[in-house]
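Look at the model first.

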Amino acid sequence: MQENGVDYAIHHGQDYEREILKVRPQGVSIVLDSLAGAEFTRSQNLLEPLGKVVLIGAKGMIEGEHRSLWCILKTWWNTKNVSPQSLIMKNHAVAGFHLTELRKRDPKAFRKGWMEVRDMIADGVLRPRIDSVWKFEEIVEASKQISERKNIGKVIIKP
């Protein structure tokens with residue numbers, strides 16, 4: 001895993017909160033939380049002072065391919081109680097990030113950020129990992145690879 005820039009790998013089936021705090025008892029500076037809901041509390045528990053949780057997307061609100069009102073309400077209930085007093089006393093911050101909304105609301109900022117990422121890739125600072133390339137006719141197999149978590153890196157579908 002170190003060849004991928006990972007110092008300490010944690011399997012998705014492990015108790016990641018316990019494993020992270022075992023390695024960094026003081027907590028971490030940033031948590032990128034794509035699940036929200038009940039996991040949001042765990043994300044906050046992992047922060048060191050001045051740490052930040054960034055909620056990206058809202059996977060916890062989606063069930064299958066359709067948004068479920070029940071999942072949205074359950075996620076809202078589990079994330080609604082962000083207490084300003086608790087954030088202040090623990091020196092924590094919570095932020096949100098939704099790439100599609102950023103692109104819609106601030107196209108200049110989106111383009112600037114995208115150009116910076118593109119330049120870092122061109123300069124070799126970032127090296128995206130390609131797991132596999134599939135023909136369009138193989139999209140079912142490619143999707144299965146992703147859903148079964150067999151890929152490490154991007155799965156590309158070519159027309």
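Q: What share of the chain's 159 residues counts as buried?
A: The share is 18%. Buried means under 20% relative accessible area, exposed over 50%, and partly exposed in between, with a 1.4 Å probe and protein chains only. This is a predicted model: local features need pLDDT of at least 70, side-chain atom pairs count only at pLDDT 80 or more, and totals for chains, interfaces and linings use all residues. Residues are numbered from 1 along each chain as its sequence is written, and side-chain values use heavy atoms, leaving out hydrogens and water.

Q: Why is M120 called partly exposed?
A: Its relative accessibility is 31%. That value lies between the cut-offs of 20% and 50%, so M120 counts as partly exposed.

Q: Where is M120 found?
A: M120 sits in helix α6, residues 107-122. Helices are DSSP runs (H or I, at least four residues), and strands are runs of E with at least two, numbered from the N terminus.

Q: How many helices and strands are there in the chain?
A: The chain has 7 helices and 7 strands.

Q: Where in the chain is confidence lowest, and where highest?
A: Strand β3 (residues 62-63) is lowest, with a mean of 45. Helix α6 is highest, at 96. The score is pLDDT, the predictor's confidence in each residue, from 0 to 100. The chain averages 85, and 86% of the residues score at least 70.

Q: What share of contacts between residues at least 6 apart in sequence joins residues at least 24 apart?
A: That share is 43%. Contact means heavy atoms within 4.5 Å.
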